[in-house]
Amino acid sequence: MRYIEGYTPSVYEYDDTRNLRFALGNYGEKTLICIGINPSSASDQESDRTMNELIKFSKTNGYDSCIMINPCPIRSARPSDLPKDSEMDGNITRMNLECIEKVLTQCVGCDALIMW
């Protein structure tokens, strides 16, 4: 799926296998941070329905940029396939929390949207 015309993400944080995605989007003058459950298929080259909906929502509501982060960075089209908290790899959790902290540091005072 293509991104909405005129949109190209400049932030794409992922692991070497691309099975994990930590952050995706852009920083701007007025950035909307979106917190989803887990990433699906979107990357820096290809969008998915969720990212395109987030981009539309942010533009409609006066934001010039948006960035998606997730409590669980494991790519899955179905959240029910994700590991339970007790089964989650500690290294993955640490990497994700470091990325979330980086995004939040860049976006002090930004609005946040929680969606799933």
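This is a predicted model: local features need pLDDT of at least 70, side-chain atom pairs count only at pLDDT 80 or more; totals for chains, interfaces and linings use all residues.
Residues are numbered from 1 along each chain as its sequence is written, and side-chain values use heavy atoms, with hydrogens and water left out. Local features need pLDDT of at least 70 and side-chain atom pairs count only at pLDDT 80 or more, while totals for chains, interfaces and linings use all residues.

With a disulfide taken as a pair of cysteine sulfur atoms within 2.5 Å, the count is zero. For cysteine 72, the closest cysteine sulfur belongs to cysteine 99 and is 14 Å away, too far for a bond. Cysteine 107 is likewise in no disulfide, and the sulfur of cysteine 110, the nearest to it, is 3.6 Å away. Cysteine 72 is buried at 11% relative accessibility, and cysteine 107 is buried at 4% (buried means under 20% relative accessible area, with a 1.4 Å probe and protein chains only).

Serine 58 sits in helix α1, residues 49–60 (helices are DSSP runs of H or I, at least four residues, numbered from the N terminus). This serine 58 is also buried, at 2% relative accessibility. Leaving aside residues up to four places away in sequence, serine 58 touches Leu32, Tyr63, Ser65 and Cys66, a contact being heavy atoms within 4.5 Å.

Turning to the largest pocket, 18 residues line it, and Asn38, Ser40, Thr50, Met115 and Trp116 lie nearest its centre (a pocket is an open set of points on a 1 Å grid over the protein atoms alone, where a 1.4 Å probe fits, with protein on both sides within 12 Å along at least five of seven lines; lining residues have an atom within 4 Å of a point). Helix α1 gives the largest share of this lining, four residues.

Conventions. Buried means under 20% relative accessible area, exposed over 50%, partly exposed in between (1.4 Å probe, protein chains only). Helices (H or I, at least four residues) and strands (E, at least two) are DSSP runs, numbered from the N terminus.
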